[in-house]
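Here are my notebook entries from a first walk through this structure.

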Amino acid sequence: ASEGKYGASAAENTPLREPQGKLGERSSVFYSPGQFFFEYLVVVSLKRMPDGHYEPKITYQFPKRENLLKGQKEEEERLLQAIPLFCFPDGNNWVPITEFTSETFSFVLTNVDGSRKIGYCRRLLPSGRGVRLPEVFCIISCLGCFGLFSKILDEVEKRRQISMAVIYPFMQGLRESPFPAPGKTVTIKSFIPESGTELIELTRPVDAHLEHVEFQALLQRLSPHLILHIFASAMLERRLIFLAEELSVLSQCIHAVAALLYPFTWAHTYIPVVPECLLDTVCCPTPFMVGIQMRHLKQVLEQPMEEALIVDLCEGKIIRAVGDEEEILPGKLQNEMLVSLNRHNNNNNVHTSEQVNALVSEAFVHFFVRLVGHYASHIKWGRSGSGSFQERAFCKAIASKSSRRFVKKFVKTNMFSLFIEEAEKSRIPQEGNG
C-alpha cells in the first residue's frame, strides 16, 4: 500500500522507542538535539476537476524549502504527493456543505528505509457563509505524540477561523521551540489580533510510550472479551480489519490495539485509515492491521481475502473470525486479564485518559512479564559481547503446558524476533560510549 516511495505501514505505537532493557521497563525516548516539532504544515483542499468531481490537492505548505539537493527534492515531492490521499481517504464523493463537525485523525507514511513520518490531521469547515468544502490541516512530524499535536491543531483551527495569515507566526514560533522531554512543558508565545499575545503551554506525558495512545477509545467500543480476542490475534500476527465510519475512531482504536503489544512492536502493514483506492490491501497474504470506513464493507467482503479478523467498532462486535480466538491465549492468564480489564470498566474513580492508559498498559505489560519475562536469562553471551538467544531452553523453562504451547507460536513471530535481536545487541558497547 504505497503512493510513490511512501506507504502506510509499520507500527506506530512507539515510533521512536529506544531498545528495551528489562521487559516492561519504561524506556526513555531520545530525540536528536535541535529536533523540530514538525517538518511541514500543509493544507489540503478539494479542487473541482473538469468532470465535476473533487480531488484533494495541497494548497498551502509551510515551510517552503529552497536550495534542496536533488535527492532531497525528490524525497519531498514523493512525500507531498502521498499526503492528500491520506488526508481525504474517503474518496471523491464530496459536495459543498454548510455544516461539518471537525475531526482529528492521523496516518503513518513509511519510507523504504523504514523511517516513518506521522501525519496529524484536523479536517474542518472554513468559517464563512453558504456552502463550502472541508479542508485538512496536516502536520507532518517524525515525533509520535498524538495528544500534543491535537492541542497544536486546536490552536491552528482557532486561528483559521480568523485568518490564514495568523497561522504562520504561530507555526514559526513552534518550529523555533525545542521539543520537550517527557513530563516537561514548552511555552509558545503567539499574537492574535484583538486578543493580544497568548502563551500556549504544550506538555508531553511523563510516559513516552503512551503519548500516542487513547485506550479509552477502545474500551468504549469493545468489551474486554473482544479486546483480548483482538490482542491474541495481533500477537500471532494475523490479518486484522477494523470498521467504523469516523476517521478519528479508526485512527484512535487502531493505535490503541498496536499499543497493547508494548514492549513488542507490530512490524507489518499498518494503515489506520485505508484510502478508498487502496482497498485491495485486504487481499494481501501477509499480516496487516488496517482501518476501513463502514461504507466500504460490501466492497471489502467481496474481495478474495485470506482468513482475517474483521471487527465492527460501531456495533462492538466481530463480523468475521478465524474461529479459534477464544483458545489462543493461555486460559489462566486470559482470565486474569479479563478480571483486570473488567475491574477498570467498573472503577468509577478513574477519570483521566492518562490514568486509563497507565492501568490498561500495566495489565498487558504484566501479561508479557508473566509469559516471557525470563527471556534475558536465556541469552548466552560471547566474549565479543554479542548474545545468542537459546530458544529451546527458554520455552522449556515455562512450567504451564498451555503457556508453553502458546509461547512456542509466539517466538516464531516477527515482533518477538525483532525484540530478541535488540536484546542480543544490548551488551555490545555503542560507539562513543566506551
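**Entry 1: confidence**

I began with confidence, since this is a predicted model. In the chain, strand β1 (residues 2-3) has the lowest confidence, with a mean of 34, while β10 has the highest, at 96. For the chain as a whole I noted an average pLDDT of 82, with 88% of the residues scoring at least 70.

A reminder to myself: where pLDDT is low, the predicted coordinates should not be read in detail.

**Entry 2: the whole chain**

I counted 12 helices and 16 strands in the chain. Of its 434 residues, 52% count as buried. The accessible surface comes to about 20,000 Å², and carbon and sulfur atoms hold 49% of that.

**Entry 3: a sheet around β10**

Next I went to the strand with the highest confidence, β10. Which strands form the sheet, and in what order? I found an open sheet of 5 strands, ordered β11-β12-β10-β13-β14, with mixed pairing. β11 (269-271) and β14 (317-320) are at the edges with a single partner strand each, so one side of each has no neighbour in the sheet. On average, neighbouring strands here are turned by 25° against each other, direction ignored.

I then traced the partners of β10 one by one. With β12 the pairing is parallel and runs over 6 bridges; R239 has F288 of β12 as its bridge partner. With β13 (residues 309-312), β10 (residues 239-244) is joined by 4 bridges, and these two strands also run parallel. Here I241 stands opposite I310, and L243 has D312 as its bridge partner.

Helix α6 (residues 247-259) packs on this sheet, where it touches β10, β11 and β12 (288-293). The direction of α6 makes about 165° with that of β12.

**Entry 4: is β10 enclosed or open?**

In a regular strand the side chains alternate between the two faces of the sheet. With 6 of its 6 residues buried, β10 is largely enclosed by the rest of the structure.

I picked F231 in helix α5 (residues 224-235). Its relative accessible area is 1%, so F231 counts as buried. What does F231 touch? Leaving out residues up to four places away in sequence, I listed L260, L261, L329, M337, F364, F367 and F368. I also noted that F231 and E325 are 94 residues apart in sequence, with their C-alpha atoms 9.4 Å apart in space.

My last stop was helix α3 (residues 167-175), where I167, F170, M171, G173, L174 and R175 are buried. The buried residues of α3 pack against strands β3 (40-48), β4 (54-62), β7 (135-141), β8 (185-192) and β9 (196-203), and against helix α2 (146-160).

Definitions and conventions. Residues are numbered from 1 along each chain as its sequence is written. This is a predicted model: local features need pLDDT of at least 70, side-chain atom pairs count only at pLDDT 80 or more; totals for chains, interfaces and linings use all residues. Side-chain values use heavy atoms; hydrogens and water are left out. Two strands pair if DSSP finds at least two bridges between them. Axes are lines fitted to C-alpha atoms, for helices over the stretch in contact, and angles run from 0 to 180 degrees between N-to-C directions. Contact means heavy atoms within 4.5 Å. Buried means under 20% relative accessible area, exposed over 50%, partly exposed in between (1.4 Å probe, protein chains only). pLDDT is the predictor's confidence in each residue, from 0 to 100. Accessible areas come from the Shrake-Rupley method with a 1.4 Å probe; for residues, only the protein chains shown count as cover.
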